[in-house]
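Me: Can you walk me through this one, starting with the ligand site and then moving to the overall fold and the backbone?

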Amino acid sequence: MDFTEQALAGRLSGRHIGNSIHFFNEVESTNDIAFSLAIHGASEGTVVIANRQTRGKGRLNRLWQSPSNCNLYTSIVLRPETDPVFAPQITLLTGVAVAELLSRRHLADVTLKWPNDVQIGGKKVCGILTEMKTTADRRIDFVIVGIGININMRKEDFDDSFRESSTSIKEETGGDISRLEFAVALYDHFEKWIAIWIQQGFSPVGEAWLTYSHMVGKRIQVASHGNIQTGEMTGIDDDGSLLISDDSGTIRKILAGDASVVKH
Ligand code: BTN
């Protein structure tokens with residue numbers, strides 16, 4: 001079936017995530033559109049989806065390569081009643097939803113790399129960019145969850161700088177994937193994990209996240225603003241930060257950075 005707003009609306013009818021759909025052929029960034037819709041009152045569950053982004057945003061001011069007709073670029077509006085300090089849990093929850101979806105599609109070796117990458121065989125297939133607006137009294141006004149998944153992109157189409165470190169579902173399975181089917185399944189899994197998080201709190205999300213993490217118990221390094229911290233990854237904290245045990249055995253919390261396993 002075609003990848004159109006009408007087809008998507010038909011498949012998402014009655015769902016919470018996708019109760020309002022904004023479908024575009026081309027945008028600068030679905031996150032920016034969702035942010036502006038949320039400022040103007042868009043309800044929780046509103047989704048923005050585009051065939052192409054001209055300025056797709058990645059974490060740490062990086063660009064997210066977003067060519068037309070092959071991948072999924074979507075942003076979801078949430079209005080959770082939680083303290084802003086726990087908003088990073090939503091990034092982790094989204095990673096779990098995507099990793100579970102990929103695993104159910106029989107993709108082997110699906111892992112989560114803190115804070116926001118989903119990988120297949122150690123190569124990045126999905127990035128998540130969560131942005132938030134708070135109110136004057138320090139509550140969450142809304143959170144935008146941006147998800148980019150490389151679906152049918154071919155290896156030769158990746159920019160040189162990420163070709164070796166990235167992959168797509170097509171590269172891993174050999175077959176063309178329907179973006180419509182995949183988007184519907186993604187919103188379903190996301191809706192399921194949001195419900196678990198609201199009803200049971202972070203604990204099941206954190207546990208599921210750790211089952212997909214290949215770094216727990218390993219010696220890792222985390223680079224942040226030119227500073228590198230090294231230690232054994234022991235877990236993640238309730239505020240979504242990474243916990244490492246440094247060489248003196250002190251547990252340190254890391255709020256942001258790029259983590260990698262130290263090779264011997
Ligand atoms: C990262 O890995 O650095 C995060 C990448 C997030 C990309 C997605 S694509 C849909 C949404 N719109 C954006 O501009 N960025 C996110």
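Reply: Gladly, with the caveat that this is a predicted model. Around the ligand there are 21 residues, and the closest of them are S29, Q53, K57, R59 and K124.

Me: How much of the ligand's accessible area does the protein cover?

Reply: On its own the ligand has 420 Å² of accessible area, and the protein covers 98% of that. The space that the ligand takes is also the largest pocket.

Me: Which elements give two or more residues to the shell?

Reply: Those elements are α2 (30–39), β3 (72–78), β6 (123–134) and β7 (140–149). The largest share comes from β6, which supplies 4 residues.

Me: How does the shell split by class?

Reply: Counted by class, the shell around the ligand holds 12 polar residues, 5 nonpolar ones and 4 charged ones.

Me: Switching to the fold, how many helices and strands are there?

Reply: The chain has 7 helices and 12 strands.

Me: What is the radius of gyration, and what would a compact globule have?

Reply: The chain has a radius of gyration of 18 Å, and because a compact globule of 264 residues would have a value near 18 Å, the two agree. As for extent, the C-alpha trace spans about 60 × 50 × 30 Å along its principal axes.

Me: Now the backbone: is the peptide bond from W114 to P115 cis or trans?

Reply: The bond from W114 to P115 is cis, and its omega is near 0 degrees.

Me: Where does P115 lie?

Reply: P115 is in the loop that runs between β4 (110–113) and β5 (117–120).

Me: And L60, is its phi positive or negative?

Reply: Phi of L60 is positive, near 55 degrees, in a residue that is not glycine. L60 is found in the loop between β2 (46–53) and β3.

How values were computed: Residues are numbered from 1 along each chain as its sequence is written. This is a predicted model: local features need pLDDT of at least 70, side-chain atom pairs count only at pLDDT 80 or more; totals for chains, interfaces and linings use all residues. Side-chain values use heavy atoms; hydrogens and water are left out. A residue is near a molecule or strand if one of its heavy atoms lies within 4 Å of it. Accessible areas come from the Shrake-Rupley method with a 1.4 Å probe; for residues, only the protein chains shown count as cover. On a 1 Å grid over the protein atoms alone, a cavity is a set of points where a 1.4 Å probe fits but cannot get out, and a pocket is an open set with protein on both sides within 12 Å along at least five of seven lines; lining residues have an atom within 4 Å of a point. A molecule sits in a cavity or pocket if more than half of its atoms lie within 2 Å of its grid points. Ala, Val, Leu, Ile, Met, Phe, Trp, Tyr, Cys and Pro count as nonpolar, Asp, Glu, Lys and Arg as charged, and the others, Gly among them, as polar. The radius of gyration is taken over C-alpha atoms; the globule rule is 2.2 Å times the number of residues to the power 0.38.
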